[in-house]
Amino acid sequence: MFDVKKIRADFPILSQEIYGKPLVYLDNAATTQKPQCVIDAVSHYYEHDNANVHRGVHALSERATADYEAARKIIAGFFNARSEREVIFTRGTTEAINLIASSWGGANIKAGDEVLITHMEHHSNIVPWQMLCNHVGATLKVAPINDAGELIMDAFDSLLSERTRLVGVVHMSNALGTINPIESIIEKAHAVGAKVLIDGAQAAAHLAVDVQTLDCDFYVTSAHKMYGPTGIGVLIGKESILETMPPYQGGGDMIRMVTFEKTEYNDLPYKFEAGTPHIAGAIGFGKAIEYIQNIGFAAIGRREKELLRYATNKAEVFNGLRQIGTARDKACVLSFVMDSVHPHDLGTIVDRDGVAIRAGHHCAMPVMQFFNVPATARASFSIYNTEGEVDALFAALKKAQDIFA
Amino acid sequence: MFDLRDLYLQVIVDHNKAPRNFGVLKKYNRDADGYNPLCGDKLHVYVHVNDDHIIEDISFEGEGCAISVASASLMTEALKGKPISEFPDSFERFQHMVTSDINEDPDEEKLGKLAVLAGVREFPSRIKCAVLCWHTLKSAVEDSHEIAKTE
Ligand SMILES: Cc1ncc(COP(=O)(O)O)c(C=O)c1O
């Protein structure tokens with residue numbers, strides 16, 4: 001049984017007041033809050049086990065290394081990677097995409113080749129490809145979206161060709177909530193010989209992901225959007241591809257043998273983990289994943305659908321509100337604009353009622369351009385949000401309307 | 001506690017709804033673009049400075065939140081007819097007002113109606129909205145062709 005009260009009690013930050021009102025945290029697409037078990041895992045590491053990993057023979061270093069590697073194992077299991085060698089820690093989604101663009105892209109994308117992305121990508125899945133394409137003389141192609149904020153699959157199909165080297169697609173859009181049909185995208189991309197990168201920054205906390213069933217080449221995400229710490233994320237890549245890729249950064253940990261003449265690189269996954277990693281972050285990430293596993297995606301999916309439906313029903317009858325992003329398959333995100341109130345003013349006004357939402361372009365300026373709005377207001381939901389909080393949001397929106405009436 | 005009504009004063013709401021000096025000037029000799037990347041506010045300011053170095057006419061167009069639109073509207077009202085030589089002082093005075101300590105009362109005598117924007121001090125993320133037009137005008141007056149930003 002899904003017990004929201006019990007779940008809320010796991011998140012100490014939620015019980016505070018903002019300007020004398022209970023905090024209503026609806027900015028989960030930006031980052032989620034952290035349960036006590038994650039906070040405890042991070043402080044336990046610093047209080048008891050802090051040491052560098054992979055390089056000490058002393059007890060602390062062995063404990064730190066064991067916990068760091070245990071986190072990798074939890075993550076491998078969660079995404080059903082073939083082995084821990086396919087799990088590379090990064091600073092987050094952004095660094096993971098840059099790693100792929102620089103290492104895999106640098107070696108495999110040549111002048112005349114094409115990279116295909118979609119119109120709903122986050123800037124972090126646009127700019128690295130733009131940079132690479134400019135550098136090597138390749139072409140960036142963009143698959144269009146429709147008025148509901150869904151990928152137009154016919155157009156996607158016709159943009160895909162044997163020139164396409166890589167397809168980069170967001171699993172779930174942070175600006176619109178759209179869930180993309182990545183199974184068929186991966187199948188189609190593979191049929192023309194392209195590799196596929198899935199940006200799972202938003203999706204990984206809401207949808208079960210099995211990289212083997214999906215057969216995706218690269219899946220990337222950030223811990224901080226999955227109840228874990230900031231500054232840590234992961235790249236799950238097929239071992240057969242990672243093996244062929246040159247290192248991303250050089251330094252300690254990524255080597256086996258160094259002389260001034262030549263360096264022999266370490267095995268996977270360490271080849272891509274130069275320098276002292278975010279050890280506490282990785283341990284917290286592992287704990288966050290266990291937290292998700294304990295609740296289970298069946299329960300999470302059911303609950304989040306229920307809450308989105310509740311919020312969407314309210315949005316549909318709210319005078320002067322226009323939803324941005326009404327895909328049939330969507331999750332957890334209510335993006336909107338209002339006739340009389342600019343999103344930025346909305347954000348400020350509802351904040352005074354304790355309601356935290358995001359106002360802006362959500363790092364997806366092309367999406368704003370498509371819908372011809374300068375910005376949107378966005379409420380994004382998580383497992384700990386309640387119907388009462390959705391009511392508080394709409395009451396605050398009404399107040400904003402009254403101020404500008 | 002600081003109330004929302006202190007930020008969204010009626011004057012600000014009015015200027016947002018019906019901005020003064022909105023649109024392109026028929027005749028202008030300075031203009032500049034301003035952009036606030038955080039919220040997507042975009043402004044363009046037009047100024048006509050006559051032979052006596054007076055701001056004979058001034059206008060703006062663009063889109064933005066209530067604070068940035070009202071601020072631009074109030075700015076154009078405040079500066080129209082003033083000598084261009086006074087602009088640096090006006091700029092500094094406004095900049096000081098929106099960044100000074102909350103307990104410091106704005107100099108209403110010198111600031112006039114602009115003092116209604118003193119409330120943004122309580123809302124740090126909104127200060128940029130209030131100063132965007134001023135930075136934009138500054139780059140127009142200084143004739144730099146760079147897009148003004150409020151960083
Ligand atoms: C869809 C999507 N992709 C990528 C990112 C970038 O993630 P990070 O900033 O954690 O690297 C985000 C986060 O805002 C996102 O929502």
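**Where chain A meets chain B**

Biologist: How many residues of chain A and of chain B are in contact?
Modeller: Keep in mind that this is a predicted model. Contact here takes heavy atoms within 4.5 Å. On that basis, the residues in contact number 15 in chain A and 25 in chain B.

Biologist: Which three residues supply more of the area that chain A buries against chain B than any other three?
Modeller: Start with the whole interface: about 1700 Å² is buried between chain A and chain B, with 59% of that from carbon and sulfur atoms. On chain A's side, 37% of the buried area comes from one trio, more than any other three residues give. That trio is A:His344, A:Arg352 and A:Ile403.

Biologist: Which residues form the salt bridge between chain A and chain B?
Modeller: There's a count of 1 salt bridge between chain A and chain B.

Biologist: What about chain B itself: what is its radius of gyration?
Modeller: Chain B has 6 helices and 3 strands, running α-α-β-β-β-α-α-α-α along the sequence. For its 151 residues the globule rule gives 15 Å, and chain B comes close to that, so it's as compact as a globular protein of that length. Its radius of gyration is 14 Å.

Notes:
Residues numbered from 1 in each chain as written. Chains lettered and ligands numbered in written order. Predicted model: local features only at pLDDT ≥ 70, side-chain atom pairs only at ≥ 80, totals over all residues. Heavy atoms only, no water. Buried area = accessible area lost by both parts, 1.4 Å probe. Salt bridge = Lys/Arg side-chain N within 4 Å of Asp/Glu carboxyl O. Helix = DSSP H or I, 4+ residues; strand = E, 2+ residues; numbered from the N terminus. Rg over C-alpha atoms; globule rule 2.2 N^0.38 Å.
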